[in-house]
Every structure is written in structure tokens, then in C-alpha cells.
Amino acid sequence: MSYREALREGLREALRGDPRVFLMGEDVGRYGGTYAVSKGLLEEFGEERIRDTPLAESGFVGAGIGAAINGMRPVVEIMTVNFSLLALDQIMNNAATLRHMSGGQVGVPVVIRMTTGGGRQLAAQHSHSLEGWYAHIPGLRVVAPATVADAYGMLLAALAEPDPVLIFEHAMLFGVEDELADPPPVVDLEGAAVRRPGTHLSLITYGGSLPKVMAAAQRLAEEGVEAEVIDLRSLRPLDDATIMASVRRTRRALVVDEGWRSGSLSAEIMARIVEQAFYDLDAPLARVCSQEVPVPYARHLEQAALPDVDGIVSAAHAVVG
Amino acid sequence: MNAPAPSGIDLLRTMLRIRRFEEKCAELYGAGSIRGFLHLYIGEEAIAAGVMPALLPEDAILATYREHGHALARGVPARSIMAEMFGKREGCSGGRGGSMHLFDVSRRFYGGNAIVGGALPLAVGFGLADRMRREPRVTACFFGEGAMAEGEFHESANLAALWSLPVLFVCENNLYAMGTALARSEARTDLCLKAEACGLAARQVDGMDAPAVAAAAREAVAALRAGGPPMFLEMQTYRFRAHSMFDPELYRSREEVEAWRRRCPIETLAASLLASGELDANLRLALEQEARAEVEDAVAFAQAGTWEPVENLLDHVGALRAGGGA
């Protein structure tokens, strides 16, 4: 099953299991979803629950927040993270703050899904990785499913949450194929996962960078370096315990984050390792991030801007020494 | 089912309660008991006083940062509002919100939103949830004319009309978005025309005339409850006091303010009730005393209130644990 199909099956399961759940967003219905995630759901669930919206991100994201407060369990799809900036007011000023500002009275159980990341030559307004910005905000939960099982299960876990959850789906993952057990495993919304055990260094990553990091770990193994791969899964809250346990074992760490490095999630993770595991380290921390440039269109330039397997392997060698 | 119509005395009572409450707030602001931004509704009371009686307990209300009057008119206790202004834990938002963020979910009063236009998409969502569940409920959303320049107004009005949602858009047109006059911010100043262009049924109402507001609101809410299209009411009104406590009022003339003050919704209604015999000097005095007593009681309650322990700082970020996790 592909990552895309797993997302769809998760949605289908949610829609079947709870009449309060509905999907809303641009072209989720008749078009079948920009990335074909919701293809076929309109026919099965009807236009009330698979609801096409106008191009009004702030309006329909805010409507999802309002419907959530008023008893529904909306899943709002935003075509791409760059477009979510048009709804940032609603996400930040309403979804994230209403519970606190109301002294705990107003819960916002909304799920907002969006595509993130580069690699498809979509240039500088469709390719960025801004999930780190959202992970900055108290009151939000931010997750990045990187596997087929998480694509299916994290949506269901998100819908069980009483607070707003943002799900970042990397554009390069939609076609990734893997087995999905029957019945599919129930997954947690929180907690990092060790995707590959190792002893020489920890490779800490999430989302669309996971396949690159797994490929890098394979190459490193062939060269005699056993890398442990940590998939963060949840970007807020971060699972400090799993990160520190791994770093204390391997004593070296490399963070791979498709976001830009300045003021980034990678910076946050490195700061936490310094705060919590500094004396366990045998080498300076390192990271591989996107180059600090709006993602360009031309393939060779785009590839040069994003983290790649070669870059991860050589950075890992530098850390191991 | 429709709410019972308010009497003239009911409307007068509510407006007096709001007026006296806010006069006290201004005084307490000067004394330092209330801090932050404080936006007074003085002059505009007829709108909240007139619209709220048209709503049932199951209807929802979303308002702006100038919402003390709406909260009072909805029945949020003056005590809990004043305690909130003081920042006390007994406040209606536990001291986390302040003047601009009054909440009382038990009365379906959902704030208190200090982003101009920010509550409009929420109101659409409230209406959508009710429509999807076939609940005969209405959501009333109050906003100033300044919000009409925001994209969120246009997005929300379009969505509400497109999906035929039971949302009452109440535009409180007090002519100034903070200090910017309507004609200095809108190329076309006919707000009903703008609302109609989005597909809302629109109507202009004299917002200084409480009975007229009440009648228009009742009609609009009844139409919405019967399944009609979303409604837009432009309430023409005026803010007698400064925008907030920091406003030197350089943008409007004393004469203009005085001319509007002569149309005070409280004195206008009182005069007409006196003329019709529904009000006399004794009753007016009794209403005044009632309003003042409520305010004094609220202040005493707020003063006696307690401070949230700092150890609880991270409460209410997420439902499940302090700080919501980071």
C-alpha cells in the first residue's frame, strides 16, 4: 500500500467510525484531492462530508476551527504548507490560543493536514518545509508521519486528541510503498521511533527526510559505520527521552532537517542535546539542512538546495571522525 | 421557537447596566486596578442590548475586543467579568484573557476576539456544525465596520452564503476603525452593498435606537431559524469614548462627538418611555440603583478575588498536560 493510499484509508476509517468527522478543503471532493489522497471519498461519503471549499484558506481553516469548537471533528486539508500562511492567523491566534485565553473552557479538536517539502520542481511557493515554524507555537501539536503505518494511524490518533493537531505530509512520500498490517497497528501521536538501531552515531530526522536517512544509514553500514536512525514523528511535543537515550548510547549525533537551518527545528534539537546530554558527547553535533535559499525550480539547483544521501553520508563520516 | 420580545424597560435596564459597568471600568483603569487595553462600548449599548434577547440559550455568540456589553447582555455575571478585568482567577476566563477575551461557554459566549475579523471564520464553522447536525441554532457574530476591510470578512460572508449557514452578522458601524474613518479605508462605503455582493441578506438599522435594533434582530433570527440565508445587519452607531484608554482622539471633532451624544441610546429610550408612561422618575431611579448596586457588587467580588498561583502558569495550553507538551 502507498503512503497516499494509507492516508486515504485512515480518512475512510475515521469517516466511517465517527459521524462528526468530515473532510474540508480545496478540491478534496470532485477533483479527488490535489495529491489524490481523497480520491473516491466523495462517492462514498457525499458532499456534506467531503466538502469542497473556495480558495479562502483563512476562511475555511477558521470554519474548521469553529466547527470543532461547536462539536464536530473536522479534518481540514490545505494544499501546501506555503498556502497555510494565508490561514496562519486562524491557526495561531485562534486554534492555538483559545483554550488558554478562555481559561480552559474552549477546546479546539481540529485536524489540519497539509503537504510540505520540496523535490518535485514546484519552485519557491510550493516546496518549503515550514513545519518548524508551527512547532514553535504552544497550544498546537505538530506531527510528520514518515511511514505508511503512521500515515494511516496518526490521522486517527490526531482525531482522538482534544487539541489542534497539524499533520505534515511530505510530497515525496505519497508514492512510498510498504506493507500495512491487517488490522493496521494502532499508533501513538507522540513519541519518536528508532527506525534502525546502531551504535556509532544517531541520525535524527523526520518526515520526507526519513527515506534519505535510511538510505544513508545503509551506505554507512556498508562502510562499517552503524548509524541509529531516529524518526521524530512528533515535532511538538518533541520526544526528548528517546533522542537522549540514543545519543547517550552512540555519543554522536547528526540532525537531518529539510527546513532551513537558521532558527530551525534542527537548532532546537541540537540545543536540547547540548542542554541534556552534553557530557555524553564524544564529538561536536552536526546537521544537514536545506540551503538558505527559496527552493529553485531547475532540477539540479533544487537537488543542490535539499538534503541528499551523499551529503548525509559525508556529514556522518565527519561526525564519526 | 423564538425568544420572548424584550420590553422597553428591559432594554433600558440592560443599557444602564452596561453603561454604569463601563464607567466604573474607566475609573478603575485610572486607579490601576484594570490594565492592558480597555475598549469601552459607551454609546453603542443599544446593539448588544437589542440583539441578545433575540437569541436562545442554545445559540452561540462571538464578539470583538469591545465586548463587555455583549457579555453582560448575554447574562455573563458582572462579577465574573469584573474579576476577569482585574486578572483574578475568579474571572470568566480565569484571568488569562482580560478585557478583550471574555468567555463563558456555559452561556455559549465564545469571546472576546482581539484580531479584527478573526472571529468571522469561526462563526461560519459554528453555523456549519449546526447545519450539518440539523440543529435549529443560530450563531451571532459581532464585529466593527473596520473588519469589512479584512479578507476574512469576505471569505466568511461568501462561505456562509454559499453553504446557507444560520449565521447572523452584526456589523457595529461606529464610523471609525480605531482612528481611521470609513471613507478613508473603504472605496465604497455602503456596507450593505458589500454584504449583498457576498450573498448575504442585508439591512441597515439605527443602532442608537434599542427597540429598532431588537425588532430587526428578532426578525433576522426568526428567519435564520426557519432556514433562511445568512443575514447581515449594519448597526449605525457611534463610540462616545476614545477607542481605548490610550487614544488622544485627534481624528474626530468635538462637535461630531457632541452631536452623537445628543442621540444617546439610553436617554433617547428613556425619554420615549417617559412620554408613553412606561417609565417614571421612581422607576428610572430604581433602575439606576439596581445597575449601580450590581457594579459595586462586581467590584467588591473582583477585589476579594484571588490570584492564580504562578505554579499553574502552564495550565490550559493543552487539555492533557501542563504546557501542552513542548
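Author: Two strands are said to pair if DSSP finds at least two bridges between them, and helices (H or I, at least four residues) and strands (E, at least two) are DSSP runs, numbered from the N terminus. This is a predicted model, in which local features need pLDDT of at least 70, side-chain atom pairs count only at pLDDT 80 or more, and totals for chains, interfaces and linings use all residues. Residues are numbered from 1 along each chain as its sequence is written, while chains are lettered from A and ligands numbered from 1 in the order in which they are written.

Reader: In β3(B), which residue is the bridge partner of Ala60(B)?

Author: Strand β1 (residues 60-64) of chain B and strand β3 (residues 139-144) of chain B run parallel and are joined by three bridges. Among the residues of β3(B), the bridge partner of Ala60(B) is Thr139(B).

Reader: Which are the edge strands of the open sheet in chain B?

Author: The open sheet of chain B is formed by six strands with parallel pairing, in the order β2-β1-β3-β4-β8-β7. Its twist averages 15 degrees from one strand to the next. Each edge strand pairs on one side only, and the two are β2 (109-113) and β7 (201-206) of chain B.

Reader: At about what angle to β3(B) does helix α5 of chain B run?

Author: Axes are lines fitted to C-alpha atoms, for helices over the stretch in contact, and angles run from 0 to 180 degrees between N-to-C directions; two residues are in contact if their C-beta atoms, placed from the backbone, lie within 7 Å. Helix α5 (residues 120-132) of chain B lies across β1, β3 and β4 (167-173) of chain B, and its angle to β3(B) is about 170 degrees.

Reader: Which element gives the most to the side of chain A that touches chain B?

Author: The contact takes 35 residues from chain A and 37 residues from chain B. On the side of chain A, at least two residues each are supplied by α3 (57-69), α5 (88-95) and α6 (98-101) of chain A. With 10 residues, the element that gives the most is α3(A).

Reader: What distance separates the centres of domain 1 and domain 2 of chain A?

Author: The domain bounds, which come from an automatic or database domain assignment, are 3-173 for domain 1 of chain A and 193-320 for domain 2 of chain A. In the contact of these domains, 24 residues of domain 1 of chain A meet 21 residues of domain 2 of chain A. Taken over C-alpha atoms, the separation of the two centres is 27 Å.
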